[in-house]
Structures are given as C-alpha cells and as structure tokens.
Amino acid sequence: MREIVEEEIEQIPSILGDGLLIPNGTMVMYGPPQSKKSFAIQQLMYCIAEGIPWLGIPVHSKHNTLYVELEIAAHPFQNRTRKISDYYGSVAKGAFYAHPYTLIFDDDTAIAELIQHINDHNIEVLFLDPLNLVMAGSENDDVAVKYFVRLLNAIRELANTKPSVGFVHHQSKGMWHDGEYVNRGMVDVSGGKQLASWPDTICRLAPARKDSTKTILSWEKTRNAGTQGEVWLEFDEEKLVLVKAGDSPEAAVESLLSMGPISVTEWDKQLNAFMGLHKARLLRKELVASGSAVYKQDPNDPKRKVIMKKEDA
C-alpha cells in the first residue's frame, strides 16, 4: 500500500472536459431517432480538431479526428460539413471524414484500410456512425457484441496513434410520460451489457419534451470524470448546428425565485413547459430540501402555499 501511496503517478490528460474523453479512451453517444446525434458528433469532431469548446465544454488541445459516417447520402453530408465550416469560420485542417458505402467489421481488408488511414493522417480520435451499420451481427447477440468490442480495442492498440474510439448508437425502445421521454439511464443503451460496460463515457441526446424544440445532453456514465450536469441545447435549422439554449431550467428557476414568493401552482405551470410536471415538482422539492428555497403560507390565502428564496423568507 505504501508504494501506491508514495509513487508519483502522472495524471491522465483530458481531450474533452475534465476526463470526458481521454487519449486512447472510449465514448458512446446514443439517443432516440431525430435527436441530432450525428450533428452533435460531427461538431465534436470539428471542435476537437480545432481545439475549441464543444457546446460550452472545453477542448484542451488540437487532435486530428476521423468521423466515419455511414447513414446519410453523400450530398447531405457534404452540406452539413460546409455548414459547420461556415458556422465556425474555417475548414478544420485536422478533421477528416470518411463516407464509404459500407464498412462492416467482419472484413479484415476494410479494418486494415481503416488502420492505415488512421496511421497516414495521425488520427487521434475516431468516431463511427452508426453502430448498427458497422457491427457484424446483431447488437442483441452477446457473442457478436464481444467480437465487435475486441475489434475496436484492436484498432486502439494496433494503430500507431493509439486513438480514442467511439460510436453513435440508437436508443432502445422507450416510452413517453407526461410529455417527456422517460430516461432509464444506461438501460436505454440497446444491445448487450458489453455495449454499456465497454465505454469510459456514455452521453445521451434526447428531446426535452415531446412537443419541445430543446434537446438535452446528459452524461449517463463518466468513468474518468465527476458528475456532469445536463446541457440544454437548440438546433439551428439554417446553420445545421446545435447551440446552447438561450433559456434553460436553471435560468427559469432563477427568474421565478427572483420574483419573490410564487405560488406552488404557478411554479409547476411555468416549469412544466421545460421539463414536465413530474420533474418540475421534483426540482421544487430538491430546492427546498437543499435549503435554497422554502415554503411559506400565502398571507392572502391561508389555503395556498408559496415558494421563495430562503434569504427572502
């Protein structure tokens, strides 16, 4: 025990955030259809290549990236790439894209070519999109999943740059409740347990509500990082990029509490638009339990309860 306590162990550097993506690390982004996963990953690859923040999360240095996109046609993909370059003001020199017709991990030649491409361009971060078009076999077949994970690890070890590797994945069939998509955590990562246990980091993109234009980025697993808060996003239909939402639950809560005493009914009504009634009520109870807010009886209506900042009580 003394040796491990006294040994000088170098801290692992981080590519994204404080340990969200590390060198030779692993990451999965998943979510339901139409949650803008591919847009988010293409932005992430650009930002890592340029060494600029991604959706407000710091990128600490430039790294050559390779984004292998297999789902959309060539022309729409080119349009996305042009739009992202226009949005950020330049073409990222370290961002490489591959748009093959197929890339299935049961073909030794294809894998060898991918590794050669990684070596030729000194790729340090590789993302595959989506999993179901890369993996040979079914994602619900444990044997096929184990084989696929071994191949991903082989790429990480055999390529000269020992790249970080990740993929985009679809969410298992879930359900809506009170206008919001029920988040069951890593249970929603469709496929075998290997797909949930393999990555260092799992992040999820999902609509804030069924009728909302907002998207929530949440972090379901962060092996090398601490607990992460949700990031509320909006999609710019013209520029084809995700941006941080101008209004968020945090801003709404601050605004409501700054108004002074507000009825519990009005609180729930205002926040229902962001997060649904269930979450609005939970948040209200959490604020009171933490001491940030308190309940008081309305002096004008003894039957009505109001919520307010603790310091204003």
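Which helix gives the largest share of the lining of the second largest pocket? Helix α2 (residues 37–50) does, with 3 residues. The notes below take up this pocket and some other features.

1. Basis. This is a predicted model, in which local features need pLDDT of at least 70 and side-chain atom pairs count only at pLDDT 80 or more, while totals for chains, interfaces and linings use all residues. Residues are numbered from 1 along each chain as its sequence is written, and side-chain values use heavy atoms, with hydrogens and water left out.

2. Overall make-up. The protein chain has 8 helices and 14 strands; these are DSSP runs numbered from the N terminus, helices being H or I of at least four residues and strands being E of at least two. The C-alpha trace spans about 75 × 60 × 40 Å along its principal axes. Of the 313 residues, 48% are buried (buried means under 20% relative accessible area, exposed over 50%, partly exposed in between, with a 1.4 Å probe and protein chains only).

3. Second largest pocket. Its volume is about 230 Å³. A pocket is defined on a 1 Å grid over the protein atoms alone, as an open set of points where a 1.4 Å probe fits, with protein on both sides within 12 Å along at least five of seven lines; lining residues have an atom within 4 Å of a point. Grid points are joined across faces, edges and corners, and the volume is the space filled by probe spheres set on the points. The lining consists of P33, Q34, S35, K36, K37, S38, F39, E69, E71, I72, R80 and H170. By class, the lining divides into 3 nonpolar, 4 polar and 5 charged residues (Ala, Val, Leu, Ile, Met, Phe, Trp, Tyr, Cys and Pro count as nonpolar, Asp, Glu, Lys and Arg as charged, and the others, Gly among them, as polar).

4. Salt bridge R223–D200. The structure holds 3 salt bridges (a side-chain nitrogen of Lys or Arg within 4 Å of a carboxyl oxygen of Asp or Glu). In one of them, R223 pairs with D200, and the closest N and O atoms are 2.8 Å apart. The pair links distant parts of the chain, 23 residues apart: R223 is in the loop between β9 (214–222) and β10 (231–236), and D200 is in the loop between α6 (193–197) and β8 (201–207). R223 is partly exposed at 44% relative accessibility, whereas D200 is buried at 11%.

5. Salt bridge E234–K214. The closest N and O atoms of E234 and K214 are 3.3 Å apart. Because E234 lies in strand β10 and K214 in strand β9, the pair ties together parts that are 20 residues apart in sequence. E234 counts as partly exposed at 25%, and K214 as buried at 11%.

6. Salt bridge D298–R304. The side chains of D298 and R304 meet at 2.3 Å, N to O. D298 is buried, with a relative accessible area of 6%, while R304 is partly exposed at 39%.

7. V5 is found in helix α1 (residues 2–6) and is exposed, with a relative accessible area of 60%. Together with M1, I4 and I9, V5 makes a nonpolar surface patch of about 500 Å².

8. Residue Q78. Q78 is in helix α3 (residues 74–88) and is partly exposed at 36% relative accessible area. The C-alpha atoms of Q78 and Q228 are separated by 33 Å, the two residues being 150 residues apart along the chain.

Conventions: Patch = residues over 30% accessible without salt bridge, like charges linked within 9 Å, V, L, I, M, F, W, Y side chains within 5 Å. Areas by Shrake-Rupley, 256 points an atom, 1.4 Å probe, with all protein chains shown as cover.
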